[in-house]
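Colleague: Could you take me through the interface between the two chains, with the criteria behind each value?

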Amino acid sequence: MSMAEHDVFVIAEHLEGRLSEVTFEMLGKARQLAGASGGRVVAVLLGHNVSTLAARLGAADLVFTVDDAALAAFNPERAVQELKALLSKEQPMLTMIASTSMGMDLAAALSAALDWPLIAYCSDVQAQDGKIVATSQIYGGKIAVEAESQGAHTIISVLAGVFPAAEGQADKVPTVQSVPAAATSAGRVRFKGLTVPEAGDVDITREALLVSVGRGIGSKDNIGLVEELAEALGAALCASRPIIDSGWLPKQRQVGKSGLTVKPKLYLAVGISGAPEHLQGMKDAELIIAINSDAGAPIFEVADYGIVGDLFDIVPLLSERLVEVRA
Amino acid sequence: MNIIVPVKQVPDLVEELEINDEGTDLERDMLKYRMNEWDESALEEALQLKELHGGTITVLTVVSGDADVDEMLYTCVAKGADRVVKVVGDFEEQHDSHTTARALAAAMRDMPCDLVLTGVQAADDLDGQVGVLLATFLDLPHISVVSGIEVDAAARTATVHQEYAGGIMATFEVDLPAVLGVQASRAVPRYAPVSRVRQAMKTARIEEIEVGVAVGSGATVRRMFKPEAASHAEMLEGEPEEIVERVIEILRERGVWRV
Amino acid sequence: MAVDPERIHEKEVAIVEGIDISGHWNRMFEQRVIWDYGTSMLDQVTAIEGAESLGNCYQCGKCTPVCPVDHVGDYSPRKIFRKTQLGTNLLESPDLWLCTTCMNCLRVCPKEVNMINIMPAVREQAVLQGNAPTELSQAFENTFRYGNPLGEPARKRADWTKDAGVPVPILAQIRRPVDVLWFVECYPAYHPRGKDAARGLARIFHVLGVDYGILGVEEKCSCDSQRLAGEKGLFEMHTEHNIKMFSKYQFNTLVTADPHALNAFKKEYPKYGGNYHVLHYTQFLAPMVERIPFKKALPYRVTFHDPCYLGRHNGEYEAPRRLLEAIPGITLTEMARCKANGYCCGGGGGGMWLDGFSRGHMSERLSERRVREAVSTGADVLAVCCPYEISRFEDAVKSTGNEGKLIVRDIIELIDESMRG
C-alpha cells in the first residue's frame, strides 16, 4: 500500500506571481477530507522560482514542486506531462483541480491519460465507505448530481468560490519536496506571452456600485438602457459571459468564472439567469437585487431582493425615478 | 486545410428540466435538444478559417439510443460544412464525455486532419470536457478556452489565445494537428436560413461510421436532483412603479445610495 | 456632386447682335449623359424575382407623405429607388430593414411599385447572404426552434387556457368536427397582454355558444411577418405543418385574432393547397353583435387604430367599428389618419423584431408617433385588434410620457369588460 492511498492531492494554480484563491479553497476542503481518511494533504506546484509561492501552502502536509524554466508560464502540454508522471508515481486517492481555464486542460487530460474517473464542476466532495462521492452542478446550475467514483483513484474539478478559502490558509511553513521535471523535449505547445488588459478602463473590482447585464437584454442596441441605469445610479456597468463573448462590452467588464470576482456594496443583476460560473463571481456582494422574467432563475437564490418581470418595463422606469429623485 | 468539428446536442435549458422517477437522470421524454452553443462557436470558427484558408470541414457527432441528430447535422451543412458524419455503435442511452471521446477518436482514426475545433465545454459535461479527452486519446496537443485563432498553414502551426479571468490572455503557438476548445468565435455564430436547411435535407448525405468502444466514465450517478436553494430572495411584487419605489427605498435603507 | 471642370463651358467674350454679353452668367454646363449613372445596382435588385416593380418608379413622390417611416426619418419607396439608382446596394443598406410593409405606398402609387413583394424578395437574398440584423435572425432562430418568435417552449403554447375561466376545447382532445377552428397565434398564446385578450375571446365565445376548437400545441406560428422579413423557407415549413394539422380536423371557418395570420391564410395558404374560409375575430363577431350580452356601460372616449393587415391589406374597416359602437357607453372618435390612410404601429414586416436596429434610424418609433396622434383626439382609450399592437402601444404610452392619459385595450377586452358587469 503506497503512502498516498489515502492522500488528497491539490494542484495549485497561480498566475502573475499570485496563487489563485481557489487553491486555498481546495486546500481547506482537502484538509477536511484527509482528516477523515487519515491521509496527507499534498499540494503540487509547477512553475519557476516558486519557493515563495510554495511557502504559502502551509495548509498542506507536503508540497511537491516542479521548478523548471519551461514551466515559468502555464503550458497545458507541459503541465499535463509533469502531473501525469507525478500522479502515476504517487497514486493518490483523490486529486483536486480547479475548474478554471487552466484546470480544464489538466483535469480531463489526466483522467484520459491515467484512466482515472473524473467528476467535474464539483460543489462538494466526500469519502464514503472508501469511495469518493462528489456533487456536481451541471445544466447551467439547474441540476445537481451526486456521482460516485468507481475507481481507486479519482480526479475532481472544483468550482471556484464554493469552499471557504480561509480554511486553506495557514501560517506554518510546509515541507517542500522538489521533483525533477519529467519532460525534456521541446513541446508541441509553446508559450508566447501574456496580455494584460490596459488600465484606463474601469476596474470593476474596485467599484462600490455595479449594474450587471445578461442575455435577457436581447441585443446590443438595448445596452443603452442599462448604461442609463448605471449612470443614474452612479454605478459601473459589467456583464455576464454571453454579453462579453458577443463583444457588446469589453472583457474587463466580465463577472464570473472566466471574468472577475467582485464584492461591491450593490450588485444589480439585469436579465442574468445566474449560472454557477457567474454566481461565483458576485455572490459575496453586500446587496444583490436581481431582475429576471423567469421566476426559477438561479440568480434569485443568491439575491437579497428579486423582481420577476420584464426588464424593459422596470429598467427605464428605475432610471427615470433615480434621476428625478436626485434632482 | 482539413478541419474536424465534433459537435453534440444537449438538452435545451429553455425548457424546465425534470428528473425521472428513478431520480438518476433527466426526464428525457419532455426534453427539447439543441446544438451545444460552444460547438456552434467552434463551427463558426471553422467556417471563418475555411473562408480564409480554404479546405474542408467535417462535422462529427456521436449518436446513442434514439437521439435525433439529423436536423442539427443538416443545419451544419446549411451553414457550410462539407461532410457530416454520425458515429454509431453499441453505446448506452445517455453517453458520457469519456465514451463520446473514445467513439470520436475511433471514428477519426483514418480521417485527414489538420485542426480539430470543438466547443470548450457543454452543459452536461459531468465527467469532463470532450475536446480535452479526445485530444488525449488521439495524442494531440490541446488548448482550451480559446478565442482568437490564427493559422499558419505553411508552417503547420496555429497561434491562439487562452482566456483567463479579468481579460488576461495567454498566447500559445501550437503544432498542427491540434485540438482547440473554443470559448468564443470571432463572429456571432451565423444563422442558417431555413430554405438552406430544407435544401440540405433533400440533397445532403449524412455519413455513418460504426465503432466499438469501451463505455463509461468510471463514475456512476447515484442521484440527480434540483438543488435546494439555501436561501431565496425576497421577491418584490406589484406594478412596475411600485417595484421601482421599493427598490429606491431599499437602496436608501441599506445606505447604498444617499439621496 | 461636383461637376468636372472640363465639362463647364464659358465664353470669355460673348457678343450677340452687337451687344456684349460677356460674363460669368453665360456659363453653361455640358449636358449630362444619362449613361454616366450606371444602373447596375438597380438592375441587380429588379433582377430578383418579386422585386421587378421597383424599376417602375418614376419619382412622382406620392408615396413619401404616406410612408409612416418618413414621418420619423427619411424614407419612402421613391427614396429607395433613387438611392439604388445612384448606386447604393440595397442588400447591404439599413434601408432594407425599415419598411414595415404597411402598404400605404402601394395604395397611392400610380406605377404599382409593390413594396409588399419587393421587400421580402430582396430581404430573402440578404438573409441568404448572412446580412440580416442579428435581432431579426434571433427571432427567426427562435421561430425555427420553438415554433414562436418569442423563444417560449413549444409545449407551453396552450398554457394560457388554464386561467381563461371557461373551458377551451383543444381539437386533439375533443376529436370531433367543430364550426370554428380558432387559430390563436404566438403573441396571444405567450405574451402576458396577448394572453389577456386570448382569455377574453374564449369567454366571449363561451357566452355566445360558439362551437370551436383550438390546435393548442399542434399550432405553429403562421410566419407571415417572418416571410416578409426574408425567411421564406421558414414560412413554407410552417405553412406545410399548419396545413397538415388543419387537414386532421373538420371545421367550417378559420377564425383568428391576428391579422398577420389572417393575411397568410387568405393570400398565401391557397398557393400551398390550403383553402379555407377565413375571418378575423371582428368579422366573425360583428354579424352577431346583437347577441352579445353587454351588462355594463363603459364611459370611454375610444379611438380605434386600424391594423394595416386587417384594413389596407384585407379590406376590413367596418367590423371593428361595428363592435365598438355596439358597446354601451362608448363614444368613438377617429384619428385623422384612419381607415385606408391608417398610420402603422411599426410591428409588421419584421418590425416587431427590429426595434433595437431601427432606433438608430428613426427619431422615434412609429408606435410613439401614433400614440401622440391618439392622445391628440382627446380619447382615453386606444382600441386595437392585432396582438402586435397592444404591447407596442403600451410601451409607447410610457415612453411618450402619456401614462394616465391613455390606456390601450384590445376590442375583445372592452367587450369582455362590458359583459362581465
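**The interface of chain A and chain B**

Modeller: R321(A) and E245(B) form a salt bridge whose closest N and O atoms are 2.4 Å apart, the term covering a side-chain nitrogen of Lys or Arg within 4 Å of a carboxyl oxygen of Asp or Glu. Between chain A and chain B the count is ten salt bridges. Helix 4 (residues 101–114) of chain A, with nine residues, gives the most to the side of chain A that touches chain B; helices (H or I, at least four residues) and strands (E, at least two) are DSSP runs numbered from the N terminus.

This is a predicted model, in which local features need pLDDT of at least 70 and side-chain atom pairs count only at pLDDT 80 or more, while totals for chains, interfaces and linings use all residues. Residues are numbered from 1 along each chain as its sequence is written, chains are lettered from A and ligands numbered from 1 in the order in which they are written, and side-chain values use heavy atoms, with hydrogens and water left out.

The contact (heavy atoms within 4.5 Å) takes 81 residues from chain A and 81 residues from chain B. The two chains bury about 7300 Å² between them, 61% of it on carbon and sulfur atoms, where buried area is the accessible area (1.4 Å probe) that two parts lose on being put together, summed over both. Of the area that chain A buries against chain B, Y139(A), R188(A) and Y305(A) supply 11%, more than any other three residues.

Strand 12 (residues 189–195) of chain A runs antiparallel to strand 9 (residues 169–175) of chain B, joined by six bridges, and two strands pair if DSSP finds at least two bridges between them. In this pairing F191(A) stands opposite F172(B).
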